[in-house]
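Subject: Two-chain model for you

Hello,

Here is the model I promised to hand over. Please open it next to this email; my notes follow below.

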Amino acid sequence: MKARVTVTLKNGVLDPQGKAIEGALKSLGVEGIDGVRQGKVFDIELGTADKAQAESQLKAACEKLLANTVIENYRVEIA
Amino acid sequence: MKSAVIVFPGSNREGDVLRALNSAGSDVQKVWHAETELPQGTDLVVLPGGFSYGDYLRCGAIAGRATVMDAVRTHAARGGLVLGICNGFQILCESGLLPGILMRNANLKFICHRQFLRVERNDTAFTRAYAKGQAIDVCVAHGEGNYTADEETLKRLEGEGLVAFRYADAQGHVTQDANRNGSMNSIAGIYSTKLNVLGMMPHPENLIEDLVGGTDGRGLFESLVSSFPRAA
């Protein structure tokens with residue numbers, strides 16, 4: 001089973017990297033961009049075929065390591 | 001007094017800290033991150049600076065979950081002293097021993113320069129050799145030192161007097177200019193609630209010899225050593 005975990009910064013957390021990317025896009029002449037927030041994507045292979053089990057394993061992975069819940073949110077999608 | 005310096009893959013300041021502790025009069029042992037226990041009789045645990053695990057995922061995230069950190073947590077829960085410098089501070093935040101997180105510097109630059117800090121209190125095991133309000137001349141070298149915490153945590157840190165050091169000018173004035181990484185409230189270091197865990201971004205271990213620019217960092221190590229009766 002495959003899954004994708006997306007980790008993003010919580011609202012209100014300053015993201016200087018996103019700001020720099022936003023500035024770079026502006027300087028490249030890419031128009032219409034009002035804001036950029038940078039996040040992370042993890043593509044994960046799971047041994048189980050059981051969706052409920054996969055969900056609980058992925059939740060543990062996110063809570064224990066993949067996201068720092070002080071500043072980040074995470075979203076799990078199972079293929 | 002016995003110190004244990006934890007070494008992770010990618011630590012690189014363990015030698016400096018070992019030297020600083022030795023010259024202040026502590027026995028020091030290096031401890032590999034995969035150990036499950038600290039050496040018998042460890043009084044102080046130091047997490048040195050560096051780039052543990054190449055800063056992968058988030059700075060300090062992987063080291064913060066290393067096997068040895070369970071032993072460090074137990075040591076801290078018993079009231080044992082823990083000092084995290086630079087990457088060590090990041091590891092303490094990621095391991096849950098200190099609140100908040102060190103984000104990318106606000107100006108996105110790796111900063112590496114001499115830096116004055118204001119000593120916020122001198123009644124802890126880490127700072128008794130300094131005066132309250134003293135400006136000490138140390139140095140910083142980091143890309144992720146921008147201390148960030150939620151409003152409630154920040155209020156608690158300030159209310160309980162848990163801010164250890166703030167970025168300041170040579171006179172000890174906390175100014176916006178001195179805060180080069182964008183840290184909230186100019187925070188350079190914080191204590192745990194029981195004042196036995198200290199995390200700080202700057203490097204006191206680099207300023208212990210006149211030969212290399214100054215000795216203001218010595219006070220921190222001398223404070224620690226003087227907190228313990230000398231072994232017979």
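Let me begin with one residue of chain B. Cys93(B) counts as buried because it has 27 C-beta neighbours inside 10 Å. (Buried means 20 or more other C-beta atoms within 10 Å of a residue's own, exposed means 12 or fewer, and partly exposed lies in between; C-beta atoms are placed from the backbone.)

Some housekeeping. This is a predicted model, in which local features need pLDDT of at least 70 and side-chain atom pairs count only at pLDDT 80 or more, while totals for chains, interfaces and linings use all residues. Residues are numbered from 1 along each chain as its sequence is written, and chains are lettered from A and ligands numbered from 1 in the order in which they are written.

**Around Cys93(B)**

Cys93(B) sits in helix H3 of chain B. (Helices are DSSP runs of H or I with at least four residues, strands are runs of E with at least two, and both are numbered from the N terminus.) Which residues touch Cys93(B), leaving aside its neighbours within four places in sequence? They are Gly60(B), Leu98(B), Gly100(B), Ile101(B), Leu102(B) and Gly199(B). (Contact means that the C-beta atoms of two residues, placed from the backbone, lie within 7 Å.) Thr215(B) is another matter: 122 residues separate it from Cys93(B) in sequence, and 28 Å in space, C-alpha to C-alpha.

H3(B) spans residues 87-95 and is mostly covered, with 9 of its 9 residues buried. Among them are Phe89(B), Ile91(B), Leu92(B) and Glu94(B). The cover includes helix H2 (68-77) and strands S3 (44-47), S4 (81-85), S5 (101-103) and S11 (197-200) of chain B. Just after H3(B) comes Gly96(B), with a positive phi of about 85°.

**Strand S11 of chain B**

S11(B) is one of the elements that cover H3(B). Val197(B) and Gly199(B) point one way from this strand, Leu198(B) and Met200(B) the other way, and all are buried. S4(B) runs parallel to S11(B), joined by 4 bridges. (Strands pair if DSSP finds at least two bridges between them.) Leu83(B) stands opposite Leu198(B).

Strand S10 (residues 187-191) of chain B pairs with S11(B) in the antiparallel sense, over 3 bridges. There, Ile190(B) has Gly199(B) as its bridge partner. S10(B) and S11(B) make a hairpin with 5 residues between them. Leu195(B), in the turn, has a positive phi of about 65°.

**Chain B as a whole**

Chain B has 5 helices and 11 strands. Its radius of gyration is 16 Å, close to the 17 Å that the globule rule gives for 232 residues, so chain B is as compact as a globular protein of that length. (The radius is taken over C-alpha atoms; the rule is 2.2 Å times the number of residues to the power 0.38.) Of the 232 residues, 53% are buried. Along the principal axes, the C-alpha atoms fill a box of roughly 45 × 40 × 35 Å.

**Chain A**

Chain A has 2 helices and 3 strands. From the N terminus they run β-α-β-α-β. Why is chain A more spread out than a compact globule? Its radius of gyration is 16 Å, well over the 12 Å that the globule rule gives for 79 residues. Buried residues make up 13% of the 79. The C-alpha trace spans about 45 × 25 × 15 Å along its principal axes.

The 3 strands form an open antiparallel sheet in the order S2-S1-S3. Strands S2 (40-45) and S3 (72-78) of chain A are the edges, each pairing on one side only. Strand S1 (residues 2-9) of chain A pairs with S2(A) over 6 bridges. In S2(A), Phe42(A) is the bridge partner of Val5(A). Helix H2 (residues 51-66) of chain A packs on the sheet and touches S1, S2 and S3 of chain A.

Confidence: the mean pLDDT of chain A is 94, and 100% of its residues reach 70 or more.

**Where the chains meet**

The contact takes 11 residues from chain B and 8 residues from chain A.

Best wishes

How values were computed. Axes fitted to C-alpha atoms, helices over the stretch in contact; angles between N-to-C directions. pLDDT = per-residue confidence, 0-100.
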